[in-house]
Each structure stands twice: as C-alpha cells, then as structure tokens.
Amino acid sequence: MNAEISAVWDKIQAMLNGFIVLLPNIVLALIVFAIFFFVARGIKRLVKRLTRNRRQARNLGLVLGRLAQGITVLVGLFVALSIVIPTFRAGDLVQLLGISGVAIGFAFRDILQNFLAGILILLTEPFQIDDQIVFKNFEGTVENIETRATTIRTYDGRRIVIPNSELFTNSVTVNTAFENRRLEYDVGIGYGDDIDQAKQLMLEAMHSVPEVLKDPAPDVLVMELAESTVNIRARWWIKPPRRADDLTSRDQVLSAIKKKLVENGIDLPFPTQQILFHDQTEETDGDRSRQREGWPAGNGKLPKPRRISDSLRLLAQTQTAGVHNGKADFPKTNDEK
C-alpha cells in the first residue's frame with residue numbers, strides 16, 4: 001500500500017516539476033499570443049480606417065480587416081504553441097485539421113454557411129450599413145454586417161439579428177438603394193364629379209408640398225371604377241428615400257389633396273350599398289320576361305314595384321278574407337277530430 005502511494009506521489013511530483021519547468025515558456029507564450037492578438041485588432045482597425053471614407057470599399061475593408069485579424073491570430077497561436085512545445089510543428093496541426101475537417105464541416109455546417117454568405121454579402125454589396133431594407137416581415141436600418149449575421153434596427157427601436165445565409169438566398173428590398181423614391185396613394189372621388197378637375201386639383205396640391213420633387217414631376221392616373229368611387233392614383237417622388245421622409249411627405253401630400261378637393265366641392269364618398277327587398281308574392285315571379293330585379297324586361301308590360309308595407313297589407317287582407325269565408329286554418333279540437 002505504501003509503495004502504491006509512493007508511486008502516485010512520485011508521478012505528481014514529476015508533473016509539478018515538469019509544469020514548473022514549462023512555466024516560463026507558458027508565460028512567454030501567453031505574452032506572445034497577447035501581442036499577436038492586439039496587433040490583429042490594430043490591423044483590423046487600420047484597414048477599416050483606410051476604407052471608412054470610401055463607400056464602395058467600405059464592405060471590402062470589413063472583409064479584409066477580419067481576414068487579416070484571423071490570420072494574425074492564427075499565426076500567433078502557432079508561435080505560442082511552438083514556444084510551449086518545442087517539438088510542435090505547424091504541419092502537425094494542419095494534418096490534424098485535415099483529418100477532422102469532414103467531421104467539423106458536418107458539425108458546423110450552418111455556421112460555415114452563414115460565414116460564407118456573410119463574406120459574399122460584404123463583397124457583392126447588395127446592401128450596405130445604414131441602408132434601410134425589408135426582409136420578410138422585418139424592416140429597418142442595417143446596423144452591422146458580420147460574418148455570421150446581419151443586425152438591423154427597426155423603426156420602433158428593436159434589434160433584429162438575421163442569419164446571413166437567409167439574407168443571401170432570399171429576396172431583400174433595399175428602400176435606400178437609389179437617391180429618389182416614388183410614393184403613391186389612391187384617392188376616391190364621386191361618380192358625379194369632374195375627373196379632369198379633380199386630377200388638376202390633386203396635381204396643384206402635390207406641387208404645393210416642398211418635399212415633393214419637381215423632377216421627376218408628380219402625376220395622377222385614373223386606376224379603377226370602383227363600386228362607390230372613381231379611384232385616382234397620386235404618384236410623387238421624394239429625396240432622400242428614407243422612412244422618415246416617406247412619412248413626412250405622405251402626411252403633407254394627403255392633407256393637401258384632401259383640403260384642396262373639399263374646398264372645390266369634390267366629393268370623397270365612402271362605400272354605400274343598395275338593398276332591394278323582394279316579397280316573392282307577385283304573379284310574375286318565375287317569369288323572366290316580366291320579372292324585375294336584374295332580369296331582362298322583355299316586350300311585355302312590367303309590373304309595378306311593390307313596397308314591403310303593401311305586401312304586409314295584402315297578406316293581412318288575405319287572412320281576413322279567409323276568416324270571413326270560414327276557411328281560416330285553426331287547430332282542430334278533440335271534438336272536431
């Protein structure tokens with residue numbers, strides 16, 4: 001028993017002695033790795049600073065900065081391992097990574113997809129930082145484009161994190177891709193109103209709004225003859241095309257159009273419906289040559305329209321006549337059965 005304890009104690013002492021011998025190398029390796037780590041961060045910041053004022057090279061600077069940082073950190077790791085383990089060679093680690101590459105690829109497939117998609121987004125630049133985009137049910141301003149995900153800030157102050165693989169493989173609407181943006185809204189006028197006059201008044205209202213661009217000029221088009229209104233579409237352009245400018249111009253344009261039309265007697269009707277009551281008691285029911293609602297009248301004499309009160313009065317007279325003739329349909333008593 002004492003021999004076993006002595007053997008264990010000797011192993012522990014050997015390990016402690018080996019650790020003490022390697023301690024200076026470990027400390028030196030940590031210092032070297034820390035130096036490489038801070039150098040990598042400095043390289044990333046330098047690349048970003050050089051491309052900050054160039055819009056076309058901004059995303060490319062992000063890619064190059066992150067790649068330079070990753071390569072520098074990896075080199076620092078190799079140097080640190082070589083200090084701690086003098087027999088270590090970079091080829092050994094490369095061989096190890098090659099053997100386990102397939103397993104790592106399956107285990108981190110989604111991460112690798114997002115990483116590659118992020119690199120492609122940064123290189124192809126379908127949208128950039130500070131652009132306002134719409135993706136599925138999300139809309140907001142792009143805050144950051146990372147190699148794993150893209151973050152957007154919604155207009156109501158929330159942050160949405162979207163994986164890059166979804167952004168790269170799905171449709172994205174970029175509202176700020178161009179300097180100008182066209183807005184539109186349908187206004188309904190009455191069927192008895194003058195269409196040309198209404199269109200001219202709407203154009204005057206849009207020209208009176210400072211946010212509406214003169215070139216391209218606003219226009220109005222008749223789009224639909226609806227159930228209760230003649231729908232005229234007002235279209236105008238704004239610059240810049242951001243969400244705040246959209247809301248401001250929409251508020252002013254619609255207010256000006258409504259005020260202008262009402263002042264000049266143009267009706268802005270709301271939906272109405274007409275309901276026809278048919279009592280199904282006329283002699284012409286079923287005769288499509290003489291029936292009224294919706295059917296051709298033919299060449300015969302048309303029946304006069306009947307009100308509900310007339311139908312009720314006719315029904316009451318019929319019942320009264322039946323009672324006087326002794327033909328009222330009352331329930332029979334036991335004596336009568």
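Good morning. Two aromatic rings, from Phe, Tyr or the six-membered ring of Trp, are called a pair if their centres lie within 6.5 Å. With that definition in place, let us turn to the structure, which is a predicted model.

How many aromatic pairs does the structure hold? There is one aromatic pair. Its members are Phe37 and Phe38, whose ring centres are 5.8 Å apart. Their planes stand at 80 degrees, and planes over 60 degrees apart count as edge-to-face, so this pair is edge-to-face.

Five strands form an open sheet with antiparallel pairing, in the order 4-3-2-1-5. Which strands lie at the edges? They are strand 4, residues 159-163, and strand 5, residues 173-174, each of which pairs on one side only. Strand 4 runs antiparallel to strand 3, residues 149-154, and five bridges join the two. Within strand 4, Val161 is the bridge partner of Thr151.

Finally, please consider Thr176, which is found in the loop between strand 5 and strand 6, the latter being residues 181-189. Is Thr176 buried or exposed? Its relative accessibility is 12%, so Thr176 counts as buried, since buried means under 20%. Setting aside neighbours within four places in sequence, Thr176 is in contact with Asp131, Gln132, Pro241 and Arg242. With Gln132 there is a further detail: a polar atom of the Thr176 side chain lies 3.0 Å from the backbone nitrogen of Gln132.

Thank you for your attention.

Technical notes: Residues numbered from 1 in each chain as written. Predicted model: local features only at pLDDT ≥ 70, side-chain atom pairs only at ≥ 80, totals over all residues. Heavy atoms only, no water. Phe/Tyr/Trp six-rings, centres within 6.5 Å; stacked < 30°, edge-to-face > 60°. Pairing = 2+ DSSP bridges. Helix = DSSP H or I, 4+ residues; strand = E, 2+ residues; numbered from the N terminus. Buried < 20%, exposed > 50% of the residue type's maximum accessible area, 1.4 Å probe, protein only. Polar contact = N/O pair within 3.5 Å; in protein donor to acceptor, adjacent residues only side chain to side chain. Contact = heavy atoms within 4.5 Å.
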